[in-house]
Amino acid sequence: MLFNSYSFILIFFPLTFLVYSILNRSKLTIASRVWLACASLFFYGWWNPAFLPLILISIAGNYATACSIQRYVKRPKLNKKMILIIGLCFNLLLLGYFKYFNFFISNLNNVLPIKFSVAEIILPLGISFFTFTQIAYLVDVYRGIAKEYSLLNYTLFVTFFPHLIAGPIIHHKEMMPQFDSIKNKLLNRKNIFAGSFLFSVGLFKKLILADTFRIWANYGFNGNVHLTMIEAWVVSLSYTFQLYFDFSGYTDMALGASLFFNIKLPANFNSPYRALDVQDFWRRWHMTLSRFFRDYVYIPLGGNRRSMPRSYFNILVTFIIGGIWHGAGWLFMLWGFLHGIANMISRWAKTLNIKLNMFVAWFLTFNFINLTWVIFRSKDMGTAMNILSSMFDLSKKGSSISSLAFLFILAGFVITLGFKNSNEITQKVTPSYRWAALIGLLFGLSMLFMTRRSEFLYFQF
Amino acid sequence: MNKKNIAARPDPWIDLKYSLTFCACALLILLPVALINFIYDPGEIYFQRMVKDKYADDYAKMLLSSDVGVKESTNERIVKAHMAQHASPYKTVIFGSSRIMQLSPLHMPNFQNYFPAPALNLGASAWTIEDTLIFTHILLHNDTIPQAIVISVDPWTLRWNLSPSYLILEDHFKGMLDELGIKKTTQKPEHYLIKLLTNSISYNYFVQSLKRLSDPSFNIIPKNDFKDWPQANAADFVNGFDFDQGYDYQLTLKDGARLFSKENVWEMIYDYNQGHVGYIGQQGAYWDDNAVDVFEKLINYVQKKGIKVYFVLLPFSPLVYDGQHTADQDRFLAVEQKIREIASRNNIKVFGTYDAQKSHMQATNFFDFQHPRPSTLRNFDFSH
């Protein structure tokens, strides 16, 4: 089910919230959790019920692994580690099969004389997100940071619908205490206001901004067209803004919906296009994924505790894994590799105390991000090279793209650079007629665009 | 009491007032849009339908008796439904989407050589399997039923729920399912009223409504008959009229075919030059097994009534076969195979192929990636 659908906004969400609130008000807290977990599974199954068993198997497998690790606390370390490794393998195999099997086979077919048949595998929605959430949980249990004995609580932690499909990637320790808090069982007017605001802003970003930028981005990336220099820049910038408004819009809706239940999900974006270097960008873009890679890949690899070359190697490996997490393809890997290199350069510049003028730093960073998004979005190297070369080909002049695209791109810059982001504004939202009116207007405006609804970009990752 | 405590204190009355403020502001935007959409109604499904529905039958009769054709008037499905009700004199009827709507039997002798004449094109935009059931139902309740039905089968024809357009005639849809004895399908029944409500606040519909609003020739309350409705000038069509160029306005020819306006032709060619490939059902399964089952039951039922059924597979432009659209290419290939299986099981003749290369088509044979030019349809080979 999409957040930007009538069925979610007018039926699923109000009903889920209403029943949850009534059950909590009647002090039936277990029942309220059962209801929320069931509703979340229904939300997941709405897309394709055939994948419900998959998520349930994943939950059961990880829960059993976590329980086994918790039981082995007083036993020899080897057993505990072995169980963790088995658990991680279980998750990675599941992810590997659904996401990377065909990529692996088609590459094998390219190098081997014998040909293996490619299986018809449909990528289950949100598998990367719920698998990473559970990997983090298993490692946290192993480290003694997290503990959970209730299957119901664990199911709710994994399936809670606002974060299930496309994150944020959450930690058990930041979620379950909120579900346990008695205070959070009561309706909180301030949270409902803040949640409504965030949800409406997210809807606006997705339906009005991202889906409009999509038209010009698709023109360049899907069409078999020869772009002029201006068109190529319009296409690349359109995708840069589409991706941001799409994914941050989704996250705003997730955070907003969650606030109705008095659950604060971690922020995922902090004005990433204001970043002054690539390191800074990754502290602002998809923050929970960056956190995951830092805590569960980069630091276990040794982080920056060893030699400088080793720490650069660790950065590069982390970014390449980050690239391939986004999809099974060489271009994703290349994109990750380029960001890894840029990150290394940025760190190296800092060790040499090289400081650029703020505008120059922003200009270089933004353009690097914009150019690498072209590689990220392109279906093949040919398309990427076609757009990238057109961006610097002064001989191709003119543009047949609507002038509205230029206005939208200007608006994109103004919104992302000139205004406070939605999380910052949400801090100021208080229950008042002024905010109720503003949220109503924003919601009404977004509703006009509901019929053009499309899926969120990050659903495919 | 400080402000923070007031904000947190539960008070149903103040919550109600906040909710009302929220709703009032949301409605402040939605209601004017809904009102304009309701009145100007470019799809002719609200107010315009209410005032025009009673004249649609007159319009259909005038169209059938016109010299060449009449300017497109109201909702095309409603008009086609009325034409279907008057289809008794016609021995062949054509079903299909906008891809075959330009096939004019009267102006294409090649068609008349292979199918019983006269023929009537009942095609409508975004034609789906639901429409096939609807129009079959209408035809089967006429005094005389046709001898042949030519179905232009598109890559999306074997799937349910791809377009809500059929809902305007949903009674016939249900009627046909009843007649076939089908109690349950995997088709998700949609609710026309809900579709009407959501569409009334659609921005895209609003843009079309605004176009009407700014058109000085548009009358909110239409004239109470179609006596003065623009009819195509017969003299234009006497000597070698170039159908590929389009007409001054969108025209429904007297055999039900569509002649695009020059403006529409230009828009399609522009779209084609942009390399755009987009059609209903581009994503998702190739076909629904249950839809295939119902489709075959319908064909068997029709055949038992003595009507001969033919399938036409109109080609897609070479643009789809340029190596950049492999997903679409795979879809077309798989669906074509499925259609040929159905045809062979039910002893149905199939004409054509989706594959531009096999049918030796050039880009110039099409307006855009999916709409063949009238000249292409005129030369379509119905001999094998």
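The contact between the two chains draws 29 residues from chain B and 26 residues from chain A, where contact means heavy atoms within 4.5 Å. Before I go on, please keep in mind that this is a predicted model, in which local features need pLDDT of at least 70 and side-chain atom pairs count only at pLDDT 80 or more, while totals for chains, interfaces and linings use all residues. Residues are numbered from 1 along each chain as its sequence is written, chains are lettered from A and ligands numbered from 1 in the order in which they are written, and side-chain values use heavy atoms, with hydrogens and water left out.

The size of an interface is often given as the accessible area lost when the parts come together. For chain B and chain A that figure is about 2300 Å², with 64% of it on carbon and sulfur atoms; buried area here is what two parts lose in accessible area (1.4 Å probe) on being put together, summed over both.

Across this interface the rule finds one salt bridge, a salt bridge being a side-chain nitrogen of Lys or Arg within 4 Å of a carboxyl oxygen of Asp or Glu. Arg189(A) pairs there with Asp15(B), and the closest N and O atoms are 2.6 Å apart.

On the side of chain B that touches chain A, the elements giving two or more residues are helix 1 (3-8), helix 2 (12-40), helix 9 (203-213) and helix 10 (262-273) of chain B. Helices (H or I, at least four residues) and strands (E, at least two) are DSSP runs, numbered from the N terminus. Helix 2 of chain B gives the largest share of that side, 12 residues. By type, the residues on that side of chain B divide into 15 nonpolar, nine polar and five charged, where Ala, Val, Leu, Ile, Met, Phe, Trp, Tyr, Cys and Pro count as nonpolar, Asp, Glu, Lys and Arg as charged, and the others, Gly among them, as polar.

The largest nonpolar core has 91 residues, and the members that touch the most others are Phe3(A), Phe8(A), Phe132(A), Phe161(A), Phe179(A) and Phe261(A). Its largest share, 11 residues, comes from helix 5 (residues 127-143) of chain A. Such a core is a set of buried Ala, Val, Leu, Ile, Met, Phe, Trp, Tyr and Cys residues joined through side-chain atoms within 4.5 Å, and buried means under 20% relative accessible area, exposed over 50%, and partly exposed in between (1.4 Å probe, protein chains only). If we leave aside neighbours within four places in sequence, Phe132(A) is in contact with Leu95(A), Ile169(A), Leu289(A), Phe292(A), Phe293(A) and Trp325(A). Apart from this core lies another, of 78 residues, including Tyr166(B), Tyr192(B), Leu319(B) and Ile348(B).

Over all chains, the count comes to 21 salt bridges. In chain A, the side chains of Arg291(A) and Glu174(A) meet in one of 2.8 Å, N to O. Arg291(A) belongs to helix 12 (residues 287-298) and Glu174(A) to helix 8 (residues 172-180) of chain A, so this pair ties together parts that are 117 residues apart in sequence. Arg291(A) counts as buried at 18% relative accessibility, whereas Glu174(A), at 23%, counts as partly exposed.

In chain B, Glu296(B) and Arg345(B) form a salt bridge, with the closest N and O atoms 2.6 Å apart. The pair links helix 11 (residues 289-304) with helix 12 (residues 326-345) of chain B, the two residues being 49 residues apart. Glu296(B) is buried at 13% relative accessibility, while Arg345(B) is partly exposed at 49%.

Finally, the backbone. Where is the cis peptide bond that I would point out? A cis peptide bond joins Ala117(B) and Pro118(B), with omega about 0°, and Pro118(B) sits in the loop between helix 5 (109-114) and strand 3 (119-121) of chain B. Asn262(A), a residue other than glycine, has a positive phi near 60° and is buried, with a relative accessible area of 5%.
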